[in-house]
Amino acid sequence: MTHLWVRAESRPNEERAGLTAEGAAALMAAGMQVTVEESRQRALPLDGYRAAGCEIAKEGAWVDAPEDALIFGLKELPEDGTPLRHRHIMFGHAYKGQASGKVLLGRFAAGGGTLYDLEYLVDDAGRRVAAFGYWAGFAGAAVALRCWIAQQRGGIAGPVHTYLSATHMTADLQSALTRLGAERPSALIIGAKGRVGTGVADLCRDMGVATTLWDMEETAHGGPFPEILHHDLFFNCILARDGTPIFVHEGARTVERRLRVIGDIACDPDSAFNPIKVYDRATTWEAPALRVHDQPMLDVMAIDNLPAMLPVESSEDFAGQLLPSLLTLGQIEAGVWGRAKATFDAAMGDAG
């Protein structure tokens with residue numbers, strides 16, 4: 001029997017889940033065993049999973065789970081260096097040359113486990129089967145606008161937090177913009193046709209921000225892209241890979257520009273393919289803006305778990321997208337899981 005073990009998230013501010021109680025019930029109806037760990041921070045109540053018939057385990061008990069259990073989480077595991085013997089389903093961030101990714105792959109090599117990276121679960125046409133992209137874009141645009149508002153007041157953006165819903169988030173931001181009383185900024189979005197870009201565009205529309213929407217056609221020539229510097233905000237919404245052009249060169253800090261805030265929603269600062277060259281590290285909930293130049297001001301917003309700001313909506317959306325694939329875990333050597341395993345094997349071969 002396929003056994004899916006839903007672990008508690010250990011990262012601060014991470015309240016999302018990849019499986020709802022209704023999804024767990026569907027898996028069990030299909031003959032699977034589902035264990036859900038207790039969690040101090042999960043936004044979806046444990047009572048729903050218990051009522052659905054899931055087995056309940058203590059937080060962090062996955063380390064002692066049966067060998068054949070599939071450990072399912074979203075974000076990073078505790079960075080304690082221990083070998084990983086299980087099969088893990090999660091966002092590993094391990095295949096683009098990231099330093100932390102190399103460490104993670106080393107832990108799998110040491111323990112004999114396997115990573116089924118959620119970012120690389122793709123259908124037979126190469127399209128991702130599930131993504132948090134829309135809510136990453138929506139929340140990321142809101143945070144970037146807060147960075148811009150703080151600049152208008154001569155400061156830098158303060159801490160961000162979770163919201164009960166997107167409605168609460170937009171009402172709070174609209175109030176801040178109204179109190180500011182300034183003309184709304186302009187924004188250029190690269191990757192505007194994708195899920196992330198759509199989320200950014202929707203938030204900008206709701207806030208009265210004029211947007212220029214770019215996608216593959218506008219970036220196919222490979223740059224440079226001076227138009228980016230002619231907008232107040234720039235949003236990078238594409239998955240960087242080999243061949244991705246540079247959108248913002250290091251020298252953009254000091255040239256004449258209107259650009260004041262970069263919202264790097266894709267957020268791969270330590271990847272060799274990072275197209276935003278004015279920064280080198282992610283920002284945080286406590287300090288969402290990284291100031292990379294003072295006069296004129298230029299801030300980068302690059303939080304790598306933005307959808308967690310809207311944990312209920314983003315969890316329900318993602319879990320709904322992923323459930324059809326979870327229902328095929330009984331054939332884990334085929335389909336989306338087989339392709340994810342092949343990607344892992346190739347990465348392990350390169351690492352070796």
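Does N13 count as buried, exposed or partly exposed? N13 counts as partly exposed, because its relative accessibility is 27%, where partly exposed lies between buried, under 20% relative accessible area, and exposed, over 50%, computed with a 1.4 Å probe on protein chains only. The model is predicted, so that local features need pLDDT of at least 70 and side-chain atom pairs count only at pLDDT 80 or more, while totals for chains, interfaces and linings use all residues. Residues are numbered from 1 along each chain as its sequence is written, and side-chain values use heavy atoms, with hydrogens and water left out.

**Backbone features**
- N13 has a phi near 70°, a positive value in a residue other than glycine, and N13 sits in the loop between β1 (3-6) and α1 (21-29); helices (H or I, at least four residues) and strands (E, at least two) are DSSP runs numbered from the N terminus.
- C267, in the loop between β10 (261-264) and β11, also has a positive phi, near 55°, and C267 counts as buried at 8% relative accessibility.
- The peptide bond from G223 to P224 is cis, with omega near 5°, and P224 is found in the loop between α7 (216-219) and β9.
- Another cis peptide bond joins Q295 and P296, with omega about -5°, and P296 lies in the loop between β11 (289-293) and β12 (298-301).

**A buried glutamate**
- E119, in the loop between β6 (114-117) and α4 (133-152), is buried, with a relative accessible area of 9%.
- Leaving aside neighbours within four places in sequence, E119 is in contact (heavy atoms within 4.5 Å) with F91, H93, K96, R128 and L239.
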